[in-house]
Amino acid sequence: MSDGANVQAPTIVGGATTSIQDAWARLGLNAGAPSDLTASATGVLVINLAQIADNWRALAELVKPSVCAAVVKADAYGLGAQRVIPALYGAGCRVFFVATLDEAIEARTLTGEKATIFMLDGVMPGAAKDVAAVNVWPVLSTLSEVHDWGHQAGDRKTPLPCALHVDTGLTRLGLTSLDVREIAANSHLLDRLDVRLIMSHLACADDPHHFKNEQQREVFEDLRPLLPTKALSLAASDGLMLGRQFHYAMVRPGYALYGGQAFQGGLAPVATAVSAYARVLQVREAGPPHTVGYSATYAVPEKTKIATIAAGYADGVIRSASSTMREDGGRAVINGEAVPFAGRVSMDLVTLDVGMLETPPVRGDLVELIGPNLSLEAVGAAAGTIGYEILTSLGRRFHRVYVDTDNGVAG
Ligand SMILES: *Cc1c(COP(=O)(O)O)cnc(C)c1O
């Protein structure tokens, strides 16, 4: 019967195209197109360094007199540590958290010697000498690391700075209360450690009503008299929204600095600092019995137009945002109007059903994937995940534009 030969090929719409400059201008970003935005750009990631700096200042103000650190692990959540760390340093931030030694070395290079850099993954077996050599402070989460760091201090004949991470209920990383008691009882070991911070991490801070928040805080309070410093830290982006009793000496936000709003109990005083756009490669007419994309999951419900854009799962458009109907899956925004993904997200491409738009996009236009109309949270939810994963998945093919004044482009 229907062998495909009867299916008329969809027509490609019009010959209109737009340049990257015009496409950029049409976004109305209040910033001229940067000179290095080349005609061949297939996607643009706009990272607002001024906003990231403002976000840090707003959080620092909120938690005063506690210290506000900045978590810049994973290349500043994918946004580029090379640009983000100096912007935060310029805003006044002097304490940075990274995960690995490579990240710590990069952060040290970018900040000079005045900043404090904590390394969350701690000291890998055999790596104590390398860590001590670069003047970064490891966060020690196991007894074996504590002993390694103590030995290193012994070799160097000077106590070595570090943080101790105690587990209060996340059951992920951290010393158990038994470990803490063992360390507290070992004065020889304690003499070799210059413990600058005791920290723990909350499991359910996004939910202000969750019993675990207070429970973990109580465990933290119980361990505190055993440990050799008054400098404590418990809260990340969400935890700092739980109130002053969670702030202690230092808070450690990451996600909120970049504009993320994961906290369920209200809005953090931050604004979105990242937007992602992909360009339209083709617009075509389609109607029943056409299907769109791999595995033919999207049966075109009526005469419509399909726009294909130059971003896919290799760029961080998570494949689980694929759609079988207009109501499910991901969304893009064109001229302020949301349009649904049509069919499977593929490696380099997403197809959009743009039939409902009065003015369909043209080849070369920029389509919003994350930004003023599509929050990280909304994009994450549409893909069955969280904004954090969206942020840290954004690929290297986007041309990156850093904005570092309120309406200027830094290139
Ligand atoms: C990643 C991380 C943070 C930052 O968390 P956000 O939710 O991004 O603010 C803070 N502390 C620890 C231990 C972390 O692993």
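Colleague: How do the residues of the shell around the ligand divide into nonpolar, polar and charged?

Modeller: First, the ground rules: this is a predicted model, where local features need pLDDT of at least 70, side-chain atom pairs count only at pLDDT 80 or more, and totals for chains, interfaces and linings use all residues. Residues are numbered from 1 along each chain as its sequence is written, and side-chain values use heavy atoms, leaving out hydrogens and water. Ala, Val, Leu, Ile, Met, Phe, Trp, Tyr, Cys and Pro count as nonpolar, Asp, Glu, Lys and Arg as charged, and the others, Gly among them, as polar. The shell divides into eight nonpolar, three polar and three charged.

Colleague: Which side chain has a polar atom 2.5 Å from an oxygen atom of the ligand?

Modeller: A polar contact is a pair of N or O atoms within 3.5 Å. Y255 makes one through a backbone N or O atom, at 2.8 Å from a ligand oxygen. A side-chain N or O atom of Y388 lies 2.5 Å from an oxygen atom of the ligand. So does a polar side-chain atom, at 2.5 Å, of Y77.

Colleague: How much of the ligand's accessible area does the protein cover?

Modeller: Accessible areas come from the Shrake-Rupley method with a 1.4 Å probe. On its own, the ligand has 390 Å². The protein covers 91%.

Colleague: How many disulfides does the structure hold?

Modeller: A disulfide is a pair of cysteine sulfur atoms within 2.5 Å. For C68, the nearest cysteine sulfur, that of C93, is 6.6 Å away. The count is zero.

Colleague: Is C68 buried or exposed?

Modeller: Buried means under 20% relative accessible area, exposed over 50%, partly exposed in between (1.4 Å probe, protein chains only). C68 has 4%, so C68 is buried.

How values were computed:
Polar contact = N/O pair within 3.5 Å; in protein donor to acceptor, adjacent residues only side chain to side chain.
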